[in-house]
Each structure stands twice: as C-alpha cells, then as structure tokens.
Amino acid sequence: MSILHEIEPVFDEKSQILILGSFPSVKSREMGFFYGHPQNRFWRVLAAMREAEVPQTIDEKKAFLLAHHIAVWDVIASCDITGSSDSSIRNVVPADIRKILNRADIRQICCNGGTAHRLYMKYIYPKCGREAIKLPSTSPANAAWSLERLVEEWKKRIT
C-alpha cells in the first residue's frame, strides 16, 4: 500500500544543514512530526551536539532546529512500506528537495542512515548534483551504535 509523506519539511532561509531521513516511522506518522519514536535518538544526538536540552514538544523541536540553522525532511515523498521497516520500502517517489535548496543557504546535506543515503544517491543526487554525507542512523534498529558514539560521529561529520 502506497503511503504519502504528509509531514512538511522544517527549514527557513537561515537553514545551513539539511538532514534527510528515509521515510517517517509509524510513530512519526501518528505524531505528525519527525523522529517521533521515543527510542529514536535523533533529538538526543542533536541536543548533545549543541549542548542544549532535548526538545520535547513539536513546537520546541521546530524552534530548536531553526535556532541551530538545521533543516529536516526525508528523501521519500511516498512509497510502499510495511510498518517502519526501511528494508520493506518499494515504489519510491522521491521528495523534491529543491523547495528547500532554492530558499535556504544549505551548505551541507546529511543523510540519517544508510537507506536514506542510498535512496538520496539513487533519486535525488542525479537531479541536484549535491553530495550528501552518510551519518550512522539514530534509529533504535541501529543498536551497534551507542548514544555517545552517535554524538561523537555526528559532531565529527556535521560542520
């Protein structure tokens, strides 16, 4: 069954870093915002990187991203997916990130995990020609990476 990505990207003209996931999890789709699963470490990683409190509400998360010049969206606009499993993704329709690139001063594009990066390189890179950094996934499925190790690697890679 094809599912449409209904969460709007977060960015403004001051955004400099664009972080792209693959597609929202079931929890994120239910919540209506990015990285909604309580076990996903995305918000904890960003907060640790910026030495800030972990934002809790959607409004706090949006304000945090904008204050730190970070844009967030996903590589996929719609796809067939079973639950939240990236490995089940089929029939991808890529997101048009030009709406962000044309309005914001994006200096770095990062992909949260291997699937996001692979799909970016397949569908988006050929259209925009902008390189993207592959970061280790903050997903709870990426149990090989501790929170501390994720923070260290993200800090190294995001400028």
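**Strand, sheet and pocket**

User: Leaving aside neighbours within four places in sequence, what is Arg90 in contact with?
Analyst: Arg90 is in contact with Cys79 and Asp80, once neighbours within four places in sequence are set aside; contact means heavy atoms within 4.5 Å. This is a predicted model, where local features need pLDDT of at least 70 and side-chain atom pairs count only at pLDDT 80 or more, while totals for chains, interfaces and linings use all residues. Residues are numbered from 1 along each chain as its sequence is written, and side-chain values use heavy atoms, leaving out hydrogens and water.

User: Which strand does Arg90 lie in?
Analyst: Arg90 belongs to strand S5, residues 90-94. Helices (H or I, at least four residues) and strands (E, at least two) are DSSP runs numbered from the N terminus.

User: Why does Arg90 count as partly exposed?
Analyst: Because its relative accessibility is 48%; buried means under 20% relative accessible area, exposed over 50%, and partly exposed in between, with a 1.4 Å probe and protein chains only. The C-alpha atom of Arg90 is 8.8 Å from that of Ser2, 88 residues apart along the chain.

User: And Asn91, what about its phi?
Analyst: Its phi is positive, near 50°, and Asn91 is not a glycine. Asn91 also lies in S5, and it is exposed, at 57% relative accessible area.

User: Where is Tyr35 found?
Analyst: Tyr35 sits in the loop between H1 and H2. Its phi is positive too, about 55°, although Tyr35 is not a glycine. Tyr35 is buried, with 12% relative accessible area.

User: Switching to the sheet: why is S2 described as largely enclosed?
Analyst: Five of the five residues of S2 (17-21) are buried, so the rest of the structure largely encloses this strand. In a regular strand, side chains alternate between the two faces of the sheet. In S2 both faces are covered, with Ile17, Ile19 and Gly21 buried on one side and Leu18 and Leu20 on the other.

User: How many bridges join S2 to S3?
Analyst: Five, and S2 and S3 (70-74) run parallel; two strands pair if DSSP finds at least two bridges between them. Leu20 has Trp73 as its bridge partner in S3, and Ile19 has Val72. S2 also pairs with S6 (108-112), in the parallel sense over four bridges, where Leu18 is partnered by Ile109.

User: What covers the faces of S3?
Analyst: The residues on both faces are buried: Ile70, Val72 and Asp74 on one side, Ala71 and Trp73 on the other. Five of the five residues of S3 are buried, so S3 is largely enclosed by the rest of the structure.

User: Which residues touch the most other members of the largest nonpolar core?
Analyst: Of its 50 residues, Ile19, Leu46, Ile97, Ile109, Tyr120 and Trp154 do. A nonpolar core is a set of buried Ala, Val, Leu, Ile, Met, Phe, Trp, Tyr and Cys residues joined through side-chain atoms within 4.5 Å. Helix H2 (42-49) gives the largest share of this core, five residues.

User: So what do the buried residues of H2 pack against?
Analyst: They pack against S2, helix H3 (58-67), S3, S6 and helix H6 (147-157). The buried residues are Phe42, Trp43, Val45, Leu46, Ala47 and Met49. With six of its eight residues buried, H2 is largely enclosed by the rest of the structure.

User: Last topic: how much space lies in the largest pocket?
Analyst: About 430 Å³. Of the 24 residues lining it, Ser22, Phe23, Asn40, Asp86 and Ser139 are the closest to its centre. A pocket is an open set of points on a 1 Å grid over the protein atoms alone, where a 1.4 Å probe fits and protein lies on both sides within 12 Å along at least five of seven lines; lining residues have an atom within 4 Å of a point. Grid points are joined across faces, edges and corners, and the volume is the space filled by probe spheres set on the points.

User: Which helix gives the most to the lining?
Analyst: Helix H5 (114-128), with three residues.

User: Ser22 — buried or exposed?
Analyst: Buried, at 8% relative accessible area. Ser22 lies in the loop between S2 and helix H1 (26-31). Beyond four places in sequence, its contacts are Asp74, Val75, Ile76, Asp86, Ile89, Thr115 and Ala116.
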